[in-house]
Amino acid sequence: MGLFLGLGIGGIVLLAVSLVFDGFVEGAFDGVLDGLFDGWLSLPVVSGFVSMLGFTGAIVLGSTGLGPGGAAAVGVVAGSGAGWLAWRLSRALLGDRSAVAPHQDDLLGSTGTVVTAIPVGGYGEVLLRLAGQPAKFAAQADTPLTRGTEVWVTAAPSSTSVTVRAVEH
């Protein structure tokens, strides 16, 4: 019973270590273990297998008359299921690359509104939509622009500033 409980607790400790030191083991060996911890031999999969084997083995050993061999066999089956589930969940989470981070070049040609007046040769602020979200940017213009003026972005010299001109209707 103690061995099975030790495996269960050890698997949970291994999972906590893998979450805290994510990538540390792979980085510590500097490429020697490339591919070893990917997929089936990743730390979350191994820890799920070991902890489920241990806890299931302890439950089967304590509640049935199968003995250590039968408890280990049932634990291996349950551990395999937990390992497979951990592998599937980690693949789903790591494979979610649906969104691309917005870039300052995405602002070119977009329209917005002046929220702080823009003087000639100075900075004001404009409200633009970046990736569907409102965001304020420092703005320069060739002509002075008052608050509320609708503007068009002509350049994005940095990730926090834009050059604009008034929209002509």
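**Exercises: a core and a helix**

The largest nonpolar core holds 14 residues, and those with the most contacts inside it are I118, V126, L128, L145, V162 and V164. Such a core is a set of buried Ala, Val, Leu, Ile, Met, Phe, Trp, Tyr and Cys residues joined through side-chain atoms within 4.5 Å. This is a predicted model, where local features need pLDDT of at least 70, side-chain atom pairs count only at pLDDT 80 or more, and totals for chains, interfaces and linings use all residues. Residues are numbered from 1 along each chain as its sequence is written, and side-chain values use heavy atoms, leaving out hydrogens and water.

**Exercise 1.** Find which element gives the most to this core.

*Solution.* Start with the elements that give two or more residues: β2 (124-130), β3 (133-141), β4 (150-155) and β5 (161-166). Strands here are DSSP runs (E, at least two residues), and helices are too (H or I, at least four), numbered from the N terminus. Now pick the top one: β3, with three residues.

**Exercise 2.** Is S51 buried or exposed?

*Solution.* First, locate S51: helix α3 (residues 43-63). Next, check the cut-offs: buried is under 20% relative accessible area, exposed over 50%, partly exposed in between (1.4 Å probe, protein chains only). S51 has 13% relative accessibility, so it counts as buried.

**Exercise 3.** Work out what V50 touches beyond its neighbours within four places in sequence.

*Solution.* V50 is also in helix α3. Contact means heavy atoms within 4.5 Å. With those neighbours set aside, V50 meets L7, G8 and G11. For S51, leaving out residues up to four places away, the list is L7, G8, G11 and I12.
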